[in-house]
Every structure is written in C-alpha cells, then in structure tokens.
Amino acid sequence: MNYLSVENISKSFGMRVLFEGISFGINEGQKIGFVAKNGTGKTSLLNIIAGNDLPDSGNVTFRKGLKVAYLPQEPNLDAQLSVEQAIFSADNPILNVIETYEKTLENPDDSEAYQKAFDAMDAHDAWDFETKYKQILFKLKLEDFDAKVSSLSGGQKKRLALANAILTTPDLLIMDEPTNHLDLEMIEWLENLFAKENFTLFMVTHDRYFLERVCNEIVELDEGQLYNYKGNYSYYLEKRDARIENEATETAKAKHLFKKELDWMRRQPKARTTKSKSRIDDFHEIKDRASKRRIDHEVQLELNMERMGTKVVELHNVSKSFGDKKLLDKFEYHFNRGERIGIIGKNSTGKSTFLNIITGAIQPDSGKVVIGETVQFGYYTQAGINIKEGQKVIDVIREHGEYIPLKKGKQISASQLLERFLFDRKKQYDFVEKLSGGERKRLYLCTVLIKNPNFLILDEPTNDLDIVTLNVLESFLLDFPGCLLVVSHDRYFMDKIVDHLFVFRGNAEIEDFPGNYSDFRIYEDSQPTEKKEVEIGSKTKNDWKEEKPKAKLTYNEQKEYNKIEKEIANLEEKREALQNKFATENWDGPEIDKQSIKLQEIIDAIEEKTERWFELSAKAEE
C-alpha cells in the first residue's frame, strides 16, 4: 500500500540548490534510512515530506487519512507544561478516543454511544495507554513526570518528543537523528521496538548499526542523484561500492571515446551534414560522461606530531564526587603511548567529568593527575563551536593554526585540511552562520585537529555528522599515531576505532574491558541476569525520587514535602548545568573561584533540603 509519493521535487535557498528532480515513494511496512552528506538538504527534505515545508517545484502526495508523526532535531514543545502534560497535550488520536469514552460514562442511558466508545477503546488499545506512556518515559529516563519542559535539557526534550511520536502510533514515522542524546541502553531498546513493531519509518541517522538492524531499505542522495537499495546497511555498502566501480569503468570508456571523437571534431570542415550534426550532439553527451568524476575524500596523512615521552598521563587514586553522588573513587590508571580507549556508560555516570579531570578543567577531590611534559591535548567537547558574526570558514581554522606538519618535511595547510573534511575551496569562504549543524560540527573538529595534538580526546564526536564525514573521520583516526580517548554512543564508530573500553557502571565503578563494543555486548549477554532488589531499610539520599510518604503529615508538612522534591530536582539541574560550564567556559582564575563558591552553595542547599526530606519521610512512616 502506497503511503506517500514524492514527484520531481526541488529545493533551493537563494543560489544554493539543495536538490532537484527527486522522486520516490514510501509504502506500508518500509523502514527507510536516508543517507546524504551534510549540507545537501536532508532536514529540508524531511520537513517537506512531513508537510512542514513546501518544495520549490514538484509534488508530495499523501494517502488520504494518513497519520504522520515527525521527530525533528530541535522539537518545539510548550515550555510551561510538565512532562506528563506534554504527553496529554500532543496531537494523539488515542487521547480523543479516551476523552470520548469518558464522556459516554457521564450519560449511561445512551447505550449505543457507550458501546461505540467501548469498541473504539478496544480497537486503539487505549485501556493500557497510561501504562504504556509511563513505560516509554521510564525507558527514556524521564521519570520525573512533574518536571517542567522549560527545566529539561536539550537531550531530554528530544527524548520527550520521541516518546510523543511513538505514542501517537502513526502510519508513518519520520525522524531526524533519533539516536542523538540517547545512551547505548536507550538506543538498543529503540532498535528492538522498531524491529518487532509494525512501524513504517523514514529517517535520517548517522548510527550505522541502527541502520543495519532496523532498516530494510536505504535511499542515498549522491551527487544530485537518488539511489535505492532494497536491503539493510551492509547490503547498501556492497551495492554502492559496486555502483561506484561500475561508474568509474563507464567514465574510463567515455574518456577513451571522447579522445577519438575530439580528433574527429577537429578534422571536420565547417559545412556539416545532417549525419555529422547528429554525431556532434553525441560528442557533447560523451564529453559530459567523460568529465564526470567523484569527489571522494580519503584522509591518508603521515602526521609529524611531537613525539611522546615515556610518561603520558597518570591518574593516582583520583576521587570525585558531587554531593553524595560519587563518580570516581581512588581511580588508578597509567596511559601508554598509542592507546585507543573508548568510554561507554549510562548518562550521568561521570564520563564527561572524567575527561575534564584529565584535561584539568575540573580538579579531583583527592588524588592527582600527572601529565607528561610532551603531551599536547586536543579536546573536542559537546559544546561545539562559538560562531562569530561575519566570520568565514577558513578564518575560523586560521585562528587556531596555519598548517599541520607532516613527515619528510611536508605540511598540510588549513585550507587543505578543510578540503579533506569535505569543505571545498568555495565552501571555505562561506560565512559560518550559513553552515548546517553537521557542517559546524565538522568545522569544530578541524579546529581541534589543526593544533596537531598527540593526545586526542573526543566527547560524542559523531553527533550530527553524516555517514560520509564519519568515514573521513574514521580514516583520519585509524592513521592517528597518538593517544585517543573517545566517549561515544556510536557503536560502529567505537568498534572501528578503539582497542579497549572503560565501562562506567555508576557509583564510581569503572571496568577496564579488553575489547571493542561488540565484544563487550557478547560478554554482557553471556552473563547471568541478576535481580538487584533494594531493601526498604537501605535508603540513600536519592531515594526521594522513588518513594512517597504515607499520609501522616500535617497539611503544611505535606505541602512542604511536595514542594521540597521539586526544589531538590531544580537544584540538581542547576548543579549539573554549572558543572558543565566548568568544561566549556574559558574562565580566568577569579571567575573560577567565584563559580566554585556558587557550586558549593548549590551542593550545600541540596544537602540541607535532602536532610529535611528524610525528616519528613521518617515522620510519615511513624
């Protein structure tokens, strides 16, 4: 059954043509991954298909009555609503069914209307809607249903929008980078959901394992042409390579024929016969085929970075806590030259804090970090690049360096580095504010690499990068001779780049695993499942999120109790935001002291209010 037809659509912004003459269809049951380079209009195409934008030419035809849900990169949610209210305010047909059923209960004499509403509840499986939305929110780590949308981080908002999109049970679900801001556990849950449920999907994602395990078709936009591959990501890679090889053969044949026809053209007199004019027309077509070339960039650089000494980075009994939340406890590790370590773990287990301690952005509570004299850090953070109005792409790179030295006395200039990361000469003189989100990430990466570091730290480097850029980055990192420390939820990327893992389990438990991510999953799946039960008497200071007091408090105490929960949640949000700023802001000494005092005040307030919570909780249980 055809859901949607796209016919010869085009889209431009000023003189910049994103795509033109694109046609394809989406049928029931298809799970399509859309692949293209950053800046070629992936998000624009999704907006057109979702009905949020119009093409400059061509048509998009929807099946009558088709229910479409769209998950954009930056969801638009009402900031004044709570998490739970955002679920019930969504444009969800099931909510209308529930509302109709509840209205029929007010008029029990109308048995026909009641039966109709009852049958609709059955048909939409609406009886268990509350259980379903709570389960999904729990899986996406949105347990605080009363939290205001305005207090959520960007990642939490994206996850809330994802929950809404799933709960609407659409005929067609369109998604732009659905795995961004999800940890590995969430991604694998989402994979299993889409694999077993009867969803029809059209999505853009850079997560290649997600494409492999979820999609049954890949659509690629390459050099202005659209290509369909009826299979998963592995099939796409195989057939794409065969297509490119075939194109190269055809181009070589066309070049040979072009030389032959060029000689003929040069020998011809000015007076042309009808036959020769036809051959001239054919000549121009041959010339176009012969001139066709691919712009595939492979990074093959022999970097001449400063050689590391025997001492690289040493962590001696390093501990770090925020309040009662312990992230590191007497952690001990000595990095060796050329190590390639991946860091995985759930959100808020201390991964970014660990990176900030190594680079000196955050100081440990105890222990020490010893940095070798020859170590030159390159730190790619999640914060991204600061955009200056009127600044051009090439100027951003030159602020950080003019060239990278290579072996044998050679060097690569800032412009050449940009070319290798898919910024052609024309693009290098574009204004930075015109770049897409993925292009800005790519530019930021270049500003880190131009400094020629020998210890490279990457915190979620694959977010918002297209698959073509990821291949370029992987090629660079495979040749990178220095130390590499990577935090990423991109399992394909981790498998290809790192040799072993630091697994952050939470509560300051960090496991050094000798293998890549796939090895780790095999190991984890082979372990017996352990049920971790929390005893009633063993409360911690975070138990306020899970437990509610019994009704043995006075009215005012009950009000205080309900209020204090939200206050603690807000303080924890402020604490996390300020901790992140220590890693991203370029503060001087006095400002660091000022912000450290502010952080300590927030931590003290959390301690005070948590103690009060325990008092009220104990009283309620008397």
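The following legends describe close-up views of a predicted model.

**Figure 1. Overview of the chain in the predicted model.** The secondary structure comes to 19 helices and 20 strands. The chain has 622 residues, of which 46% count as buried. Among contacts with a separation of 6 or more, 69% are made by residues 24 or more positions apart.

**Figure 2. An open six-stranded sheet with strand order β5-β6-β7-β3-β8-β9.** The pairing in this sheet is mixed. Its edges are formed by β5 (68-71) and β9 (225-229), each of which pairs on one side only. On average, neighbouring strands are turned by 15° against each other, with direction ignored. Helix α1 (residues 42-49) packs on the sheet and touches β3 (31-35), β5, β6 (172-176) and β7 (201-204). The direction of α1 makes about 155° with that of β6.

Figure 3. D222 stands opposite Q225 in β9.

**Figure 4. Packing of helix α5 against helix α6.** Helix α5 spans residues 129-139 and helix α6 residues 154-167. The two helices pack at an angle of about 145°, and their axes are 10 Å apart. The crossing of α5 past α6 is right-handed. From α5, the residues F129, K132, Y133, I136 and L137 take part in the contact; from α6, they meet L160, A163, I166 and L167. By class, the contact of α5 with α6 consists of eight nonpolar residues, no polar ones and one charged residue.

**Figure 5. The largest nonpolar core, with 53 residues.** The members that touch the most other members are L137, L140, L160, L190 and F194. Helix α6 gives the most to this core, with seven residues. Leaving out residues up to four places away in sequence, L137 touches V83, I87, L142, E143, F145, L160 and A163. Another core, of 46 residues, lies apart from the one shown; V393, V396, I450 and V486 are among its members.

**Figure 6. An open six-stranded sheet with strand order β14-β17-β18-β12-β19-β20.** The pairing in this sheet is mixed. The edge strands are β14 (377-380) and β20 (509-513), and each pairs on one side only. Neighbouring strands are turned by 15° against each other on average, direction ignored. Helix α17 (residues 517-526) lies across β12 (340-345), β19 (500-506) and β20. Relative to β19, α17 runs at about 50°.

Figure 7. G378 stands opposite L456 in β17.

**Figure 8. Two residues with positive phi, K330 and L422.** K330 is not a glycine, yet its phi is positive, at about 55°. K330 lies in strand β11 (residues 325-334). With a relative accessible area of 59%, K330 is exposed. L422, also a residue other than glycine, has a positive phi near 75°. L422 is placed in the loop between α13 (414-420) and α14 (437-449). L422 counts as buried because its relative accessibility is 18%, and buried means under 20%.

Key:
Residues are numbered from 1 along each chain as its sequence is written. This is a predicted model: local features need pLDDT of at least 70, side-chain atom pairs count only at pLDDT 80 or more; totals for chains, interfaces and linings use all residues. Side-chain values use heavy atoms; hydrogens and water are left out. Two strands pair if DSSP finds at least two bridges between them. Helices (H or I, at least four residues) and strands (E, at least two) are DSSP runs, numbered from the N terminus. Axes are lines fitted to C-alpha atoms, for helices over the stretch in contact, and angles run from 0 to 180 degrees between N-to-C directions. Contact means heavy atoms within 4.5 Å. A crossing is left-handed if the near helix is turned anticlockwise from the far one by less than a right angle, and right-handed if clockwise. Ala, Val, Leu, Ile, Met, Phe, Trp, Tyr, Cys and Pro count as nonpolar, Asp, Glu, Lys and Arg as charged, and the others, Gly among them, as polar. A nonpolar core is a set of buried Ala, Val, Leu, Ile, Met, Phe, Trp, Tyr and Cys residues joined through side-chain atoms within 4.5 Å. Buried means under 20% relative accessible area, exposed over 50%, partly exposed in between (1.4 Å probe, protein chains only).
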